[in-house]
Amino acid sequence: SKLSIDILTLFPEMFSGVLNSSILGKAQEKELVRFQLINFRDYASNKHHQVDDYPYGGGGGMVLKPEPLFYAVEDRLSQLPAQVKPRILLMSPQGEPYTQRKAEELACEDHLMFICGHYEGYDERIRQYLVTDELSIGDYVLTGGELAAMVIIDSIVRLREGVLGNESSPKDDSFSTGLLEYPQYTRPADFRGMKVPEVLLSGHHERIKEWRHRQSLYRTWQRRPDLLEHYPLSEQEKAWLAE
Ligand code: SAM
């Protein structure tokens, strides 16, 4: 089935390169996803098309007004069948930290709406009454939500059935298994004396599988021990780590 994604932004031109290239571009050609860019400045009631204003109580920075975003969302919802209830996702450094688990959850939806902020902040009523999820892509501050929306969209679309070729399975990616991916090698088997591990050339599937599993586990333990807190270790895995 097709995933519909609406993107509310003041800078729609930022999206064309990312959405129309590579795998996202192909996914659109295959009609697995469709994007609609909505400039919420078009919904500003003021004749200067003003979308932001000074904060009540004073202080620096401009705040996004509620009306343009509420009107833009409501207008879009009015074009959809009544039973379609899109998740409305607010891009924000104060949001829930975005993870692969969240990508998997959102990839099950049929319709998503992204709201990209700019300037200093949002009128709090947008957070409270308009959106269903507030998402952050990491503990750093961007100038706007557009890059965050692109990151999240990319990670969701690649999980939809038919988007990636049969060969590449997102199920084996880092995080989806709960562990980081094992080291990969391709030809040549010997490059300037740097050799591919013997076991991978052995053709022995059971041994290769075990080697990869151990490497995944070891790599995760070295680089991201925090991930192991949510990964129930089997007795065998505990023994490998103790070696
Ligand atoms: N003053 C705001 C605060 O402290 O929460 C930061 C606003 S930031 C300069 C402008 C916009 O960029 C935000 O409204 C949001 O849409 C987006 N943004 C910035 N950092 C982000 C992040 N880590 N994840 C998602 N969106 C982000």
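Two strands count as paired if DSSP finds at least two bridges between them. Helices (H or I, at least four residues) and strands (E, at least two) are DSSP runs, numbered from the N terminus. The model is predicted: local features need pLDDT of at least 70, side-chain atom pairs count only at pLDDT 80 or more, and totals for chains, interfaces and linings use all residues. Residue numbers start from 1 along each chain as its sequence is written.

**Exercise 1.** Determine in which sense β5 pairs with β6 and with β8.

Solution. Step one: strand β5 covers residues 87-97 and β6 covers residues 111-115; four bridges join them in the parallel sense. Within this pair, R87 has L112 as its bridge partner, and L89 has F114. Step two: β8 (residues 133-136) pairs with β5 over five bridges, again in the parallel sense. Here P97 stands opposite S136.

**Exercise 2.** State the handedness of the unit made by β5, α4 and β6.

Solution. Step one: a crossover is right-handed if, with the strands pointing away from the viewer, the path from the first strand over the helix to the second runs clockwise. Step two: β5, helix α4 (residues 100-106) and β6 form a β-α-β unit that is right-handed.

**Exercise 3.** Write down the strand order of the open sheet and find its edges.

Solution. Step one: the five strands run in the order β2-β1-β6-β5-β8, with parallel pairing. Step two: β2 (33-39) and β8 each have a single partner strand, so one side of each is left without a neighbour in the sheet. Step three: on average, neighbouring strands are turned by 30 degrees against each other, direction ignored. Axes for such angles are lines fitted to C-alpha atoms, for helices over the stretch in contact, and angles run from 0 to 180 degrees between N-to-C directions.

**Exercise 4.** Describe the shell around the ligand.

Solution. Step two: of the 19 residues around the ligand, M91, G117, L142, G145 and A148 come nearest. Step three: β5 supplies the largest share, four residues.

Key. Near = placed C-beta within 6 Å. Nonpolar A, V, L, I, M, F, W, Y, C, P; charged D, E, K, R; others polar.
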